[in-house]
Amino acid sequence: MNVYVLAIIFCLVFIFIAVELIRRQKLQEQYAILWLILGFVMALLSLFPGLLDPISHSLHIYYAPSLLFLLGLLFSLAFIMHLTLVISKLHRKLTRLIQEVALLQEQLRGKESNS
Amino acid sequence: MIKRESFLSMKTLAIIPAFNEEKSIASVIHAIKRAQPDMDILIINDGSKDRTSEVARATKHAVVIDLPVNLGIGGAMQTGYLYAARHNFEIAVQIDADGQHDPEALTQLIAPLLSGQLDCCIGSRFLMKTSYRSAWNRRVGILFFTWMIQWMIGKTFTDPTSGFRAVNRPIIELFANYYPEDYPEVEAVVLLERQKFRVKEVSVLMHARKAGRSSITPLKSLYYMVKVSLAVFITRIRNVS
């Protein structure tokens, strides 16, 4: 078995898992789209490895697979940055939610002791 | 709920963030009540594991808000400012729950706000020589932040980490919407200066803490120093509206 067959199998499994996660509603569509795009780009490149050569050549990259690593790394970095953004936003929302719950509880306690 | 006499002309709230302070909280509440009978007292119990909430409620002098999850000092204080904003308080005073802040100094702290001279008044341990002595690493941190604020806004605050401070209505509304996290005192000073509020220090006496330990270890304080410096720097260069 050569590395290309392995790569194709890996991509197919990856896409299958992504689709399955979307089907079970464990993955929100906004992220699902990203993962699917990544899966298809990877599958395309492993099906037609010749595609890589002209692109890397035009970028003066002499070893074509390193373009793959570069793209993979950039994608991962962008995705991690996006996730930290989402977490920060969630953190802010959660803080406000906790504060509102606490204020409501206090209000409720005040009402109960009055009546 | 709490009867108001005409001693204070403005509706004033003392906000006390408390995390595991069952030993000192009651005496702090009683001391405030003695010094300022007309001031409303609000305890923000920041998810304490001990009986802070029950002890505070038992005094019958304070409203207690229990945060279901520990938010840290910033989130807890903001809850207090939210409460102050929604209950139309005109002045809010932050006081530590560990007994370091002397409620006798509240009059000095609030006076410039009552007369409309200042928007925010900070109680400083170091403005004049007092008997207060702090650990050397604490002192280094305070000096560092004094220097940093001086460098950024060109004004000297001798005790920028002091949590003993009074603010007026516009700042209450600002803090209800936006309040810095984790170690918010230094950042808040820069934020207020940036928003052109009139901020000044008055000299106050502080006690050594009565019970409990400071949550700040040397390693943590280094982490906080870096983190707060970044936050202060960001506050300096962005516009919070």
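Buried means under 20% relative accessible area, exposed means over 50%, and partly exposed lies in between, as judged with a 1.4 Å probe and protein chains only. These legends describe a predicted model, in which local features need a pLDDT of at least 70 and side-chain atom pairs count only at pLDDT 80 or more, while totals for chains, interfaces and linings use all residues. Residues are numbered from 1 along each chain as its sequence is written, chains are lettered from A in the order in which they are written, and side-chain values use heavy atoms, with hydrogens and water left out.

**View 1. The salt bridge between chain A and chain B.** B:Arg86 and A:Glu100 form a salt bridge (a side-chain nitrogen of Lys or Arg within 4 Å of a carboxyl oxygen of Asp or Glu), with the closest N and O atoms 2.7 Å apart. The pair runs from A:Glu100 in helix H4 (residues 65-114) of chain A to B:Arg86 in helix H3 (residues 72-86) of chain B, where helices are DSSP runs (H or I) of at least four residues and strands (E) are runs of at least two, numbered from the N terminus. B:Arg86 is partly exposed because its relative accessible area is 45%, and A:Glu100, at 24%, also counts as partly exposed. The count between the two chains is one salt bridge.

**View 2. Charged side chains in helix H1 of chain A.** A:Arg23 pairs with A:Glu20 in a salt bridge whose closest N and O atoms are 2.7 Å apart. These residues are separated by about one helical turn, because they stand three residues apart in the helix. A:Arg23 is exposed at 59% relative accessibility, whereas A:Glu20 is buried at 18%. A:Arg24 joins A:Glu20 and A:Arg23 in a network of salt bridges.

View 3. The side chains of B:Arg169 and B:Glu173 meet in a salt bridge at 2.7 Å, N to O. The two residues are four apart in helix H6 (residues 169-177) of chain B, and therefore about one helical turn separates them. B:Glu173 is partly exposed, at 38% relative accessibility.

**View 4. Helix H1 of chain B and its cover.** The buried residues of this helix (residues 25-35) include B:Ile25, B:Val28, B:Ile29 and B:Lys33. Among the elements that cover the buried residues, by contact (heavy atoms within 4.5 Å), are strand E1 (12-18), helix H2 (52-58) and helix H4 (106-114) of chain B.
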